[in-house]
Amino acid sequence: MNDLKIAFISSHRFEDGAAIRGAVLVADYDTKPLEFRVTAPIRPTFYQKTLYGELLELHILVELIALPLIVELKEKPQIILVRDPIFLGINDKQMVPTILILKEDEPLFGKNIPTEQLDSANSEHPSLILKTSENFSNELNSVQQQLQSIYSRRNILEPFSRNDIACQEVHQQKLGD
């Protein structure tokens, strides 16, 4: 259990939504950072927006952000956590379970998909809901048990804040442009 590695993947919009970057933070069982990566900014053109239509965001988040980040990782995670349901599309393209983690009061998307709950011993941390796509639903209970032991000691949402701040800093420094 102590060798568990968790990837926290998120996307960030800049320049009034014209640029999108993805970030991944791989952390250990104590949420200590092991690896951090950020994509170059993706700036969809008018033609890409036209040709992809409503599929553009899925294409950008899964094909251009998440999958390249995962492939480049030196520290291979056993679990991938995301806050955006679009990232669940990763599950169709690789073998590490991607889990959507939501606060209890955030809306769930999709019907008849099993969920698991995480409760924290710290009353300041909200109850969380875990959800995944159908192809990893059998592993959801096992993932919940692994994450529950972490959530009893650490705020499992906090690494997403680190992702946000680090990605903003990278963008402000124009790294990867």
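**View 1. R13 and its salt bridge to E57.** R13 counts as partly exposed in this predicted model, because its relative accessibility is 44%. R13 forms a salt bridge with E57, and the closest N and O atoms sit 2.9 Å apart. R13 belongs to strand β1 (residues 6-14) and E57 to helix α2 (residues 56-72), so the pair ties together parts that are 44 residues apart in sequence. E57 is partly exposed too, at 34%.

**View 2. R43 meets E15.** Here the two side chains form a salt bridge, 2.7 Å from N to O. It's a link between distant parts of the chain: R43 is in the loop between β3 (33-38) and α1, E15 is in the loop between β1 and β2, and they are 28 residues apart. R43 is partly exposed at 39% relative accessibility, and E15 is partly exposed at 40%.

View 3. E158 and R162 join side chains at 2.7 Å, N to O. They are 4 residues apart in helix α4 (residues 158-172), so about one helical turn separates them.

**View 4**

**View 5. A nonpolar patch on the surface.** F46, Y47, L51, Y52, L55 and L58 make up this patch, with about 720 Å² of accessible area together. Helix α1 (residues 46-52) supplies the largest share, 4 residues. Y52, found in helix α1, is partly exposed at 34% relative accessibility.

Key. Residues are numbered from 1 along each chain as its sequence is written. This is a predicted model: local features need pLDDT of at least 70, side-chain atom pairs count only at pLDDT 80 or more; totals for chains, interfaces and linings use all residues. Side-chain values use heavy atoms; hydrogens and water are left out. Patches are made of residues with over 30% relative accessible area and no salt bridge: like charges are joined within 9 Å, nonpolar side chains (Val, Leu, Ile, Met, Phe, Trp, Tyr) within 5 Å. Accessible areas come from the Shrake-Rupley method with a 1.4 Å probe; for residues, only the protein chains shown count as cover. Helices (H or I, at least four residues) and strands (E, at least two) are DSSP runs, numbered from the N terminus. Buried means under 20% relative accessible area, exposed over 50%, partly exposed in between (1.4 Å probe, protein chains only).
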